[in-house]
Amino acid sequence: MLSGLNHLTLAVADLQRSIAFYQALPGMRLHARWTRGAYLSCGSLWLCLSLDPVAGVPRQDYTHYAFSVAEADFLPLCARLEQAGVTVWKSNRSEGESFYFLDPDNHQLELHVGSLASRLEACRQQPYDGMIFYDDP
């Protein structure tokens with residue numbers, strides 16, 4: 001039986017640049033690094049950066065990785081990222097505050113205020129086209 005997400009590995013073209021980028025995000029902690037990779041954590045998430053010569057190709061789909069952020073920290077962190085010159089790849093159109101940005105290797109990331117429970121509650125108020133709920137409110 002699955003119990004959750006074990007780790008996330010991101011392919012990176014420049015390991016030092018990516019370590020610096022992720023360490024600059026509040027809550028990211030560097031645990032180990034080696035010639036071709038690094039291990040960081042963010043809360044209970046284990047993040048692996050892995051050197052890869054083909055990293056950096058921009059995605060053409062909606063796949064992205066969202067990090068939780070407290071409401072009080074959301075705007076200051078967004079401002080910090082904008083000042084650092086990140087590229088915004090999408091604007092928010094759903095429940096909860098979201099800021100969508102790219103890392104140095106074009107991984108699509110998101111800062112998000114909210115949870116599955118808050119999203120489902122919003123969807124119960126305004127369901128997506130064809131939406132079916134499988135749990136009690």
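Predicted model: local features only at pLDDT ≥ 70, side-chain atom pairs only at ≥ 80, totals over all residues.
User: How many helices and strands does the protein have, and in what pattern?

Analyst: Helices (H or I, at least four residues) and strands (E, at least two) are DSSP runs, numbered from the N terminus. Here there are 3 helices and 8 strands, in the order β-α-β-β-β-β-α-β-β-β-α along the sequence. Contact means heavy atoms within 4.5 Å. Of the contacts with a separation of 6 or more, 47% are between residues 24 or more positions apart.

User: Which residues have the most contacts inside the largest nonpolar core?

Analyst: In soluble globular proteins, nonpolar side chains tend to be buried together. Buried means under 20% relative accessible area, exposed over 50%, partly exposed in between (1.4 Å probe, protein chains only). A nonpolar core is a set of buried Ala, Val, Leu, Ile, Met, Phe, Trp, Tyr and Cys residues joined through side-chain atoms within 4.5 Å. The largest one here has 26 residues, and those with the most contacts inside it are Tyr22, Leu47, Leu49, Leu81, Phe99, Phe101 and Leu111. Among the elements giving it two or more residues are helix 1 (15-23), helix 2 (71-83) and strand 7 (98-102). Beyond four places in sequence, the contacts of Phe101 include Phe21, Leu81, Trp89 and Leu111.

User: Why do the buried residues of helix 1 line one face?

Analyst: An α-helix has 3.6 residues a turn, so residues three or four places apart point the same way. In helix 1, Leu15, Ser18, Ile19, Phe21 and Tyr22 are buried. Seen down the helix axis, they fall within an arc of 160° (from the directions from the axis to the C-beta atoms), so they line one face. Their cover includes strand 1, strand 3 and strand 8. At the N-terminal end, Asp14 caps helix 1, with a side-chain oxygen 3.3 Å from the backbone nitrogen of Gln16.

User: How many aromatic pairs are there?

Analyst: Rings of Phe, Tyr and Trp (its six-membered ring) pair if their centres lie within 6.5 Å; planes under 30 degrees apart count as stacked, over 60 as edge-to-face and the rest as tilted. The count is 7 aromatic pairs. Trp89 and Tyr100 have ring centres 5.2 Å apart and planes at 80°, so this pair is edge-to-face. Trp89 is in strand 6 and Tyr100 in strand 7, 11 residues apart. Tyr100 is buried, at 2% relative accessible area. Phe21, Tyr22, Phe99 and Phe101 form one aromatic cluster.

User: Which side chains make polar contacts with that of Ser98?

Analyst: A polar contact is a pair of N or O atoms within 3.5 Å; within protein, one must be able to donate a hydrogen and the other to accept it, and residues adjacent in sequence count only if both atoms are side-chain atoms. Ser98, in strand 7, is buried at 9% relative accessibility. Its side chain contacts those of Glu110 (2.6 Å) and His112 (2.7 Å).

User: Where does Ala55 lie?

Analyst: Ala55 is in the loop between strand 4 and strand 5 (65-68). At 17% relative accessibility, Ala55 counts as buried. Leaving out residues up to four places away in sequence, Ala55 touches Ala11, Val12, Ala13 and Asp105.

How values were computed
Residues numbered from 1 in each chain as written. Heavy atoms only, no water.
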